[in-house]
Amino acid sequence: EQLIVNTLNFSEVGEKIVNATILELENYGFVASYLLQIDTTKNALISTATAYTPSLQNPALRTFFARATTMSLSQKDHPFIVSLSTKQMVISENLEQLFGQFDAATTAALQQTGIKSAIAFPLISKTMPLGVLLFLLTKQATEVSAYELTMISGFANAVAIALHNASLYASLGKTSHDLQIANESLKELDKLKDEFVSLASHELRTPMTAIRGSISTILDGYA
């Protein structure tokens, strides 16, 4: 609840989300949490925030997963994209299917850290896909209990709301900024209009005075 209420700054919401999730789930064998968000400008699913338990200290492994969790939305058959399109969770022990082929160093690091499976939950708000909440686990997919899945599902729903709130707040901030700029422009235009009217009135007043004088002289001649 506090996550939903307090997450209005879009630049901070990602880190809050992954830190909160891994803090809650590390006792269940979850060692890493990734927030993947849809970037419509790049037509891609991009890793925007990560969090790890102290047990996952391998820098190379962290770098590998951070790089492997960014992909084009055109990869329709990728499990993460399928999860978004079907709005269904994906749980798998086939890590290479999810992240690509491992080299020898990555394979050794995985064996050392004990990572055996991954779970991806789609983040959906009001039928609109926002991204994926991804976890790495040190247990097999069959060892993940129904209670854990229900808990994560509920948390993913809360995360989607938090992301939606942050997105709305960012949009409102941009709209407010744009309106402020437009208002300043209108004030400037109004000032220029007043200056023009004043100048035009002054410039027209002088020749009109002369014209009136000439007309008066002519009329006096006929009087």
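Residues are numbered from 1 along each chain as its sequence is written, and side-chain values use heavy atoms, with hydrogens and water left out. Because the model is predicted, local features need pLDDT of at least 70 and side-chain atom pairs count only at pLDDT 80 or more, while totals for chains, interfaces and linings use all residues.

**The whole chain**

Begin with the whole protein coloured by pLDDT, the predictor's confidence in each residue, from 0 to 100; the mean is 77, and 68% of the residues reach 70 or more. Then select residues 1-8, where pLDDT stays under 50 and for which the model has 18 contacts (heavy atoms within 4.5 Å) beyond four places in sequence.

In a cartoon view, look for seven helices and six strands, which are DSSP runs numbered from the N terminus (helices H or I, at least four residues; strands E, at least two). Followed along the sequence, they give the pattern α-α-β-β-α-β-α-β-α-α-β-β-α. Of the 223 residues, 36% count as buried, a word that stands for under 20% relative accessible area, with exposed over 50% and partly exposed in between (1.4 Å probe, protein chains only).

**The aromatic rings**

Next, show the side chains of Y34, Y52, F64, F65, F80, F99 and F102, which form one aromatic cluster. Rings of Phe, Tyr and Trp (its six-membered ring) pair if their centres lie within 6.5 Å, and planes under 30 degrees apart count as stacked, over 60 as edge-to-face and the rest as tilted. Seven aromatic pairs are found in the whole structure. Zoom in on F64 and F65, an edge-to-face pair with 5.4 Å from centre to centre and 75° between the planes; F64 is buried with a relative accessible area of 10%, and F65 is buried with a value of 0%.

From there, move to F80 and F99, whose ring centres are 6.0 Å apart with planes at 70°, so this pair is edge-to-face as well. The pair links distant parts of the chain, since F80 belongs to helix α4 (residues 79-86) and F99 to helix α5 (residues 95-99), 19 residues apart. Both F80 and F99 are buried.

**The salt bridge**

Finally, select K139 and E148, which form a salt bridge whose closest N and O atoms are 2.8 Å apart. The term requires a side-chain nitrogen of Lys or Arg within 4 Å of a carboxyl oxygen of Asp or Glu, and by this rule the count comes to one. K139 and E148 are both buried.
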